Amino acid sequence: LNDVGPLPEPSTGRLSRRVKSFPIAPRVQLRPDEKAQRWLLSVSASDRSGLLYRIARVLAQHHINLQLAKISTLGERVEDTFLVDGPALPHMKTQVRIETEILDAVAQALVVTDAAGTIMFWNRAAEEVFGWAPAEAVGRNVRDLTVPDVAQGSAEDMMKALRSGVSWSGSFPVRRKDGTVFPALVSEAGI
């Protein structure tokens, strides 16, 4: 892309019933290829209208060149791999920023906490789902913010399991800022 200005915001389409009911935990990984000359970007997420455009916007904003793309859509699941390069990719902060922005682009809530449950990162999709802006959520305990009273014991058990290295995924009741409770597909893993 030439420097003709930023790409416009993508339009928002409706999510299919399958994606709403059975969302796929998004995964984004950026790593060097076997020769350390280019980078492999892997994206796994629920399919939605404009997903590739959203990913392209992130790459363009960081002046990342796309060399090759393997696009796979399996029902409501996408498994896309991109071979990319760019002068900023060897920098760890840029890698984390790109991965974070792509997670925002797939529009699925991402909440990162420390071992005690203090929220360290809260993306735009989490704001849309829960109603809390990142500035309101970061620094607070995830259980206080999103877990309804009836599920506090289960949430503590999950945090203990995470601290011991056990991942968890399943349906779990969560609470919005306005107090409404809804079931969500939650995937938790230690880093």
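Contact here means heavy atoms within 4.5 Å. The model is predicted: local features need pLDDT of at least 70, side-chain atom pairs count only at pLDDT 80 or more, and totals for chains, interfaces and linings use all residues. Residues are numbered from 1 along each chain as its sequence is written, and side-chain values use heavy atoms, with hydrogens and water left out.

**Figure 1. Overview of the chain.** The chain holds 7 helices and 9 strands; helices (H or I, at least four residues) and strands (E, at least two) are DSSP runs, numbered from the N terminus. Of its 191 residues, 37% are buried, where buried means under 20% relative accessible area, exposed over 50% and partly exposed in between, with a 1.4 Å probe and protein chains only. The accessible surface is about 11,600 Å², and carbon and sulfur atoms account for 53% of it; areas come from the Shrake-Rupley method with a 1.4 Å probe, and for residues only the protein chains shown count as cover. Among contacts between residues at least 6 apart in sequence, 48% join residues at least 24 apart.

Figure 2. V106 counts as buried because its relative accessibility is 0%. Leaving aside neighbours within four places in sequence, V106 is in contact with P26, V43, A45, R48 and L51.

**Figure 3. Helix α2 (residues 51-61) and its buried residues.** L51, R54, I55, R57, V58 and L59 are buried in this helix. An α-helix has 3.6 residues a turn, so residues three or four places apart point the same way. The buried residues of α2 pack against β2 (39-46), β5 (77-85) and α3 (92-105). H63 follows α2 and has a positive phi, near 55°.

**Figure 4. Q95 in helix α3.** Q95 is classed as buried because its relative accessible area is 10%. Not counting residues up to four places away in sequence, Q95 touches L30, W39, L89 and P90.

Figure 5. The whole structure contains 2 aromatic pairs. W122 and F130 form a tilted pair, 5.4 Å centre to centre with 45° between the planes. Rings of Phe, Tyr and Trp (its six-membered ring) pair if their centres lie within 6.5 Å; planes under 30 degrees apart count as stacked, over 60 as edge-to-face and the rest as tilted. F130 and F182 also form a tilted pair, at 6.2 Å centre to centre and 40° between the planes. This pair links distant parts of the chain, with F130 in helix α4 (residues 124-130) and F182 in strand β9 (residues 181-188), 52 residues apart. W122 and F130 are buried, as is F182. Ring pairs link W122, F130 and F182 into a cluster.

**Figure 6. Charges over rings.** The charged end of R176 sits over the ring of F182, 4.0 Å from its centre. R140 lies over the face of W132, 4.9 Å from the ring centre. A charge sits over a ring if NZ of Lys or CZ of Arg is within 6 Å of the ring centre and within 35 degrees of the ring normal.

**Figure 7. The hairpin of β8 and β9.** Strand β8 (residues 168-175) pairs with β9 in the antiparallel sense over 8 bridges; two strands pair if DSSP finds at least two bridges between them. F172 stands opposite A184 in β9. The hairpin has 5 residues between its strands, and G179 in the turn has a positive phi of about 95°.
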